[in-house]
Amino acid sequence: DALVRVRDLDGAVEEYAAAGQQLLAMGRQEDALKVVERILQHRQDAKYARLAAEIYLARGKPNDAMIALQKVALCIKENAKDLEALALLARAFDQLGQPTKAIEVQKEAARIAREGSRVEVFEALVATLKQRAPNDEGVKALVASAYAPAGKAPPTPPPEEPIEPDSVEIVDDFDLEEVDEASKRRAPPPPPPSASGDEEPF
C-alpha cells in the first residue's frame with residue numbers, strides 16, 4: 001500500500017503479485033483473491049483477470065461464475081484467441097447451467113487451436129466435444145478434421161460467427177457486454193479498506 005501511496009503502481013503490482021502467488025502456494029485462496037482484486041483495482045491486466053477467474057470458479061460460491069465471466073471478458077477483449085481464457089469461459093457457462101454456450105466456446109477454441117497448430121489442445125477439445133455434442137455439425141467437422149489422413153485437407157465446417165474482441169457473441173444474444181453489465185450488477189461490493197494499524201494478509 002505504501003507503494004500505491006507514492007504512485008509507484010508498477011512496484012505495487014509486483015509486490016501484490018508476489019504476495020498473491022505465495023498465498024496461493026500456502027492454500028490461502030480467499031486471501032490470494034483479495035490480493036488479485038487489489039491488483040485489478042489499480043491495473044486491468046488480463047493476466048491477473050485470468051487468475052481471478054480461476055480462483056472464483058474453483059471457489060464456486062453463489063455469483064462466483066458470473067463474476068468470473070466479467071474477468072474473462074477482459075482477457076478476451078484483449079486477445080480473442082486466448083485459449084486459457086476461452087477454457088475459463090466455457091467452465092463459467094457450465095457452472096451457470098449454460099452447456100450450449102460452453103460447447104460453442106469449446107468449438108471456437110478448437111478451431112483456434114487447430115489454426116495455431118496446438119495439436120494436443122485441439123485433440124483434447126475435440127475429444128471433449130465428441131462426448132458432449134456428437135450430433136452437432138460443427139463438432140462432426142472438427143472430429144473429421146482431427147482424423148483426416150495426412151496431406152488431405154480437412155472438411156470445411158459450417159460457417160459460424162467468430163469471437164471478436166469488442167463484441168463477443170457466444171450464442172444467440174448472449175455477449176460479453178451483457179456479461180460485463182450483469183456481473184457488475186451481481187458482484188458484491190469490494191470490502192472497505194482496513195483501519196489504520198490493522199494487519200492484512202498482504
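Is K107 buried or exposed? I looked this up to begin with, and K107 is buried, at a relative accessible area of 2%. I note here that the model is a predicted one.

**Entry 1: K107 and its partner**

I looked for what the side chain of K107 meets, and found a salt bridge with D136, 3.1 Å from N to O. The two residues are 29 apart and belong to distant parts of the chain: K107 is in helix α7 (residues 99-115), while D136 is in the loop between α8 (119-132) and α9 (137-146). D136 is partly exposed, with a relative accessible area of 23%, whereas K107 is buried.

I also checked D136 against the start of α9. A side-chain oxygen of D136 comes to within 2.8 Å of the backbone nitrogen of G138 there. G138 is one of the buried residues of α9, and the others I wrote down are V139, A141, L142, V143 and S145. Among the parts that cover these buried residues are α7 and α8.

**Entry 2: other salt bridges**

How many salt bridges does a search of the whole structure find? The search gives 12. I looked at some of them in turn.

K71 and E37 form a salt bridge through their side chains, at 3.1 Å from N to O. K71 sits in helix α5 (residues 64-78) and E37 in helix α3 (residues 29-42), so the pair ties together parts that lie 34 residues apart in sequence. I checked the burial of this pair, and both K71 and E37 are buried.

D64 forms a salt bridge with R59, and their closest N and O atoms are 2.8 Å apart. D64 is buried, at 2% relative accessible area. R59 counts as partly exposed because its relative accessibility is 23%, and buried would mean under 20%.

I then followed shared partners. Salt bridges join E30, R59, K61 and D64 into one network.

V105 is buried, with a relative accessible area of 0%. Its C-alpha atom is 6.5 Å from that of L86, although V105 and L86 are 19 residues apart along the chain.

Q106 is also in helix α7. Q106 has 11% relative accessible area and is buried. Q106 and A90 are 16 residues apart in sequence, and their C-alpha atoms are 6.5 Å apart in space. Leaving out residues up to four places away in sequence, Q106 touches A90, L125, T128, L129 and R132.

In soluble globular proteins, nonpolar side chains tend to be buried together. I looked for such a group here. The largest nonpolar core has 51 residues, and the members that touch the most others are V36, I39, Y48, V72, I76, L86 and L89. At least two residues of this core come from each of α2 (9-25), α3, α4 (46-59), α5, α6 (83-95), α7, α8 and α9. Which helix gives the most to this core? It is α4, with nine residues. L86 had already come up, as the residue whose C-alpha atom is 6.5 Å from that of V105.

**Entry 3: positive phi values**

Most residues other than glycine have a negative phi. I noted two residues with a positive value.

N63 has a phi near 75° and is not a glycine. N63 is in the loop between α4 and α5. N63 counts as partly exposed, at 36% relative accessibility.

S117, also not a glycine, has a phi near 60°. S117 is in the loop between α7 and α8. S117 is exposed, with a relative accessible area of 59%.

**Entry 4: confidence**

I looked up the confidence of the prediction last. The average pLDDT of the chain is 76, and 67% of the residues score at least 70.

Over residues 162-174 the pLDDT stays under 50, and the model has 30 contacts for them beyond four places in sequence. Over residues 190-202 the pLDDT also stays under 50, and here the model has 13 such contacts.

Definitions and conventions. Residues numbered from 1 in each chain as written. Predicted model: local features only at pLDDT ≥ 70, side-chain atom pairs only at ≥ 80, totals over all residues. Heavy atoms only, no water. Salt bridge = Lys/Arg side-chain N within 4 Å of Asp/Glu carboxyl O. Helix = DSSP H or I, 4+ residues; strand = E, 2+ residues; numbered from the N terminus. Buried < 20%, exposed > 50% of the residue type's maximum accessible area, 1.4 Å probe, protein only. Core = buried A, V, L, I, M, F, W, Y, C linked by side-chain atoms within 4.5 Å. Contact = heavy atoms within 4.5 Å. Polar contact = N/O pair within 3.5 Å; in protein donor to acceptor, adjacent residues only side chain to side chain. pLDDT = per-residue confidence, 0-100.
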